Amino acid sequence: MPDHPDKTPQWVAIAPHIKEVVELAAVGLVDERDKCYPVEAVGILCLSGEVFPLINQARSPKRFEVNQKLVSEGINALLERGRNPIAVYHSHPEAAAEPSDRDQMLMKQNEGTLHVIIGNDGIAVWMWDGWLRLVTKIPLPKPVPDGEHT
Ligand SMILES: [Zn+2]
């Protein structure tokens, strides 16, 4: 692993706390995954552990697409309400919490942004800051129902 560049990106401030935030948010994140099943859920995670869902315009179980204007408006609305948006989340309804090629491309375009992936093997936080990093990973808060969605 190469040395970390000599700079202090914004995420460094939040990174030591992200695991606590994700643990706090875990039930809410899994809830969003299940509500959107089989489509990928996507949204914004706040420092408080609150989750704010966005619409996955791809309506796909394999990828997500969000309107950038709506994302910016959502973030501004959260800031106005005194919330601290800290990460983008999305679900992998039938796959591990590892970023797809497309996810990695999005991470590179949004360098330094924390990306939470709710997979079928846990909840992982990833980011790109010159290379792909697994910031933290926690187990799912409860067993995954095996396709038993009504
Ligand atoms: Zn993904």
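Arg59 counts as partly exposed, because 13 C-beta neighbours fall inside 10 Å. In this predicted model, Arg59 has a positive phi of about 45° although it is not a glycine. Arg59 belongs to the loop between strand E2 (51–54) and helix H2 (68–80).

**Overall fold**

- The protein chain contains three helices and six strands, arranged along the sequence in the pattern α-β-β-α-β-α-β-β-β.
- Of its 150 residues, 28% count as buried.
- Among contacts in the protein chain with a separation of 6 or more, 54% are between residues 24 or more positions apart.

**Backbone geometry in the loops**

- Most residues other than glycine have a negative phi, and most peptide bonds are trans.
- The positive phi of Arg59, about 45°, occurs in a residue that is not a glycine.
- The peptide bond from Tyr37 to Pro38 is cis, with omega near 5°.
- Pro38 is located in the loop between H1 and strand E1 (42–46).

**Strand pairing and hairpins**

- Strands E1 and E2 are antiparallel and pair over four bridges; within this pairing, Ile44 has Phe52 in E2 as its bridge partner.
- Four residues separate E1 from E2 in a hairpin, and Gly49 in the turn has a positive phi of about 95°.
- Strand E5 (residues 123–128) runs antiparallel to strand E6 (residues 132–138), and six bridges join them.
- The hairpin of E5 and E6 has three residues between the strands, and Gly130 in the turn has a positive phi of about 110°.

**Nonpolar core**

- The largest nonpolar core has 31 residues, of which Leu45, Val116 and Val125 touch the most other members.
- At least two residues of this core are supplied by each of H1, E1, strand E3 (85–91), H3, strand E4 (114–118) and E5.
- H1 provides the largest share of this core, namely seven residues.
- Leaving aside neighbours within four places in sequence, Val116 is in contact with Val22, Leu29, Leu45, Ala87, Tyr89, Ile123 and Val125.

**Val22 in helix H1**

- Val22 is part of helix H1 (residues 11–36).
- Val22 is buried, because 26 other C-beta atoms lie within 10 Å, and the cut-off for a buried residue is 20 or more.
- Beyond its neighbours within four places in sequence, Val22 is in contact with Val116, Ile123, Val125, Thr136 and Ile138.
- Val22 and Ala124 are 102 residues apart in sequence, while their C-alpha atoms are 8.7 Å apart in space.

**Arg102 in helix H3**

- Arg102 is placed in helix H3 (residues 101–109).
- Arg102 is exposed, because 12 other C-beta atoms lie within 10 Å and a residue with 12 or fewer is classed as exposed.
- Arg59, with 13 C-beta neighbours inside 10 Å, is therefore classed as partly exposed.
- The C-alpha atoms of Arg102 and Arg63 are 8.0 Å apart in space, and the two residues are 39 residues apart in sequence.

Terms used: Residues numbered from 1 in each chain as written. Predicted model: local features only at pLDDT ≥ 70, side-chain atom pairs only at ≥ 80, totals over all residues. Contact = placed C-beta atoms within 7 Å. Pairing = 2+ DSSP bridges. Core = buried A, V, L, I, M, F, W, Y, C linked by C-beta atoms within 7 Å.
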